[in-house]
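These are my notebook entries on a structure that was new to me. I list what I looked up, entry by entry.

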Amino acid sequence: MNIALLGYGKMGKIIEKIAIDRKHEIVLKIDLDNQDELTAENLQKADVAIEFSTPATVLGNIEHCFNAGVPIVVGTTGWYEQLPQIKQQCETGNNSFIYATNFSVGVNIFFHVNKVLAKLMNKQPYYEVQVEEIHHVQKLDAPSGTAITIAEGILENLDAKKQWVNVLTADGGESVNDSTKADDLLIESYRIDSVPGTHTVIYDSEVDTIEFKHTAHNRNGFALGAVLAAEWITDKKGFFSVKDMFDLS
Ligand SMILES: NC(=O)c1ccc[n+]([C@@H]2O[C@H](COP(=O)([O-])OP(=O)(O)OC[C@H]3O[C@@H](n4cnc5c(N)ncnc54)[C@H](O)[C@@H]3O)[C@@H](O)[C@H]2O)c1
């Protein structure tokens, strides 16, 4: 398969290596310094594009792929208010799009079990729940897209919580928001050195604490999932999330 990489940073470079190991060819690499090469003609040399850039640039890159008729896998996080608009554009334009807040297989299993756990805990009013996420200091968005998906899984199943709120603590710095109401689900975000991504769901009561935790050891799991998504989407039309790809039912 021929692949275009849109965003050639930390993730783009690992995706390149994994794609080549899986016998694919990288036919286009776009980053800040060669935007002029992002043309329909160049994109159409690829069977699929994989997008890991920034929240500010992802929408433009999706638009280019839709216009060129090239399926796109989107890993960039921090732009999801625009998702309904992209879904509509994808469907009216008969395009191919798949996204994930987190492409790792382990995290997608975690998402599923998180919902089952929240359903069980809905019957246990003595536990207070919160989500914690830790990422490297260069991460642009907070909370992480993964933490938002975890929080949404809890909100769907736990009646006591109505919306999530975020408290961001930069490396060694002060929290920027520390007011929560009883029906707020708190997501605490920490930015520490080079942590690839750690997410913990904590149910705490007077007598005990239950912690459910996923720790990414490196970025390879995200990159492999993105390449698997690229292989999966090439013969499909429509708007998909990674849940459609991993069969976790
Ligand atoms: N969904 C997942 O599984 C997953 C996993 C890890 C990271 N991410 C997300 O992926 C994104 C990228 O992560 P990263 O760690 O590679 O970041 P990074 O900062 O290392 O790389 C981003 C790259 O995008 C480039 N860029 C800027 N403008 C661009 C444009 N217009 N077109 C193409 N490239 C452009 C930057 O120069 C940089 O090289 C972030 O949003 C991150 O949160 C998602």
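Entry 1, helix α4. I began with the outward side of α4, where Pro 84, Gln 88 and Thr 92 are exposed. I took exposed as over 50% relative accessible area, buried as under 20% and partly exposed as in between, with a 1.4 Å probe and protein chains only. Helices (H or I, at least four residues) and strands (E, at least two) are DSSP runs, numbered from the N terminus. The model is a predicted one, in which local features need pLDDT of at least 70 and side-chain atom pairs count only at pLDDT 80 or more, while totals for chains, interfaces and linings use all residues. Residues are numbered from 1 along each chain as its sequence is written, and side-chain values use heavy atoms, without hydrogens and water.

Which residues of α4 are buried? I found Leu 83, Ile 86 and Cys 90 in this helix, which spans residues 83-92. Down the axis of α4 these buried residues fall within an arc of 60°, so they line one face of the helix. The arc is that of the directions from the helix axis to the C-beta atoms. An α-helix has 3.6 residues a turn, so residues three or four places apart point the same way.

I then noted what the buried residues of α4 pack against: α3 (58-68), β5 (96-99) and β11 (238-241).

Leaving aside neighbours within four places in sequence, I listed the contacts of Phe 97 (heavy atoms within 4.5 Å). Among them are Leu 83, Ile 86 and Cys 90, as well as Phe 66, Trp 79 and Phe 239.

Most residues other than glycine have a negative phi, and most peptide bonds are trans. I looked up the exceptions listed here.
- Asn 94, in the loop between α4 and β5, has a positive phi of about 55° although it is not a glycine. Asn 94 is partly exposed, at 47% relative accessibility.
- Lys 23, in the loop between α1 (10-21) and β2 (25-30), has a positive phi near 70°. Lys 23 is exposed, at 72%.
- The peptide bond from Ala 142 to Pro 143 is cis, with omega near -5°. Pro 143 sits in the loop between β6 (128-135) and α6 (145-155).

I found His 135 in strand β6, buried at a relative accessible area of 6%. What joins the side chains of His 135 and Glu 133? It is a polar contact of 2.7 Å. Such a contact is a pair of N or O atoms within 3.5 Å; within protein, one must be able to donate a hydrogen and the other to accept it, and residues adjacent in sequence count only if both atoms are side-chain atoms. Beyond four places in sequence, His 135 is in contact with residues including Ser 144, Tyr 190 and His 199.

Of the 24 residues around the ligand (a heavy atom within 4 Å), Lys 10, Met 11, Asp 31, Thr 77 and Phe 103 come nearest. A backbone N or O atom of Gly 75 lies 3.0 Å from a ligand nitrogen. A polar side-chain atom of Asn 61 is 3.4 Å from a nitrogen atom of the ligand. A side-chain N or O atom of Lys 139 is 3.0 Å from a ligand oxygen. Taken alone the ligand exposes 850 Å², of which the protein buries 83%. Accessible areas come from the Shrake-Rupley method with a 1.4 Å probe; for residues, only the protein chains shown count as cover.
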